[in-house]
Amino acid sequence: MRFLADENVPGATISALAGFGHNVSWIRTRSPGANDLDVLAIAIAEERILLTFDKDFGERARGASLPPSCGIILVRAPVRNPVEAVRLASSINARNDWSGNFSVVEPGRVRMRPLQRT
């Protein structure tokens, strides 16, 4: 899968996802300080699944007309150390249905709803 990781995603999660064979681009290294609209525009242009801890993307996704190959994963679980960062990557790697959905990853569960198309 193709992911775009927001600046707030831990480096250990990025490395683990790449280690699983995913194509991961990280805002922290390619466009540090980019605002949310620019981050979302990159995800759309490159047809990537956005991985973030930023709740604002829920509202931004509503009017963004994301293509079906895109998705948003909002992480609402603490990631305090490298072990938890790798655990998060493993949880993401365990599924292949992130595209086309707004997903919330919480401790012990994942909630998904289809992205609205305009």
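**Ground rules.** I am reading a predicted model, where local features need pLDDT of at least 70, side-chain atom pairs count only at pLDDT 80 or more, and totals for chains, interfaces and linings use all residues. Residues are numbered from 1 along each chain as its sequence is written, and side-chain values use heavy atoms, with hydrogens and water left out.

**Helix α5.** I took helices (H or I, at least four residues) and strands (E, at least two) as DSSP runs, numbered from the N terminus. I looked up which residues of α5 are buried (under 20% relative accessible area; exposed is over 50%, partly exposed in between; 1.4 Å probe, protein chains only). They are E84, A85, L88, A89 and I92. Seen down the axis of α5, they fall within an arc of 145 degrees (taken from the directions from the helix axis to the C-beta atoms), so they line one face of the helix.

**Salt bridges.** I counted a side-chain nitrogen of Lys or Arg within 4 Å of a carboxyl oxygen of Asp or Glu. The count comes to six. R80 pairs with E84, with the closest N and O atoms 2.9 Å apart. R80 is exposed at 62% relative accessibility, whereas E84 is buried at 15%. I also found R30, E46 and R48 linked in a network of salt bridges.

Strands β5 and β6 run antiparallel, joined by six bridges; two strands pair if DSSP finds at least two. E106 stands opposite R109 in β6. These two form a salt bridge, with N and O 2.6 Å apart at the closest. In the hairpin, G108 takes a positive phi near 85 degrees.
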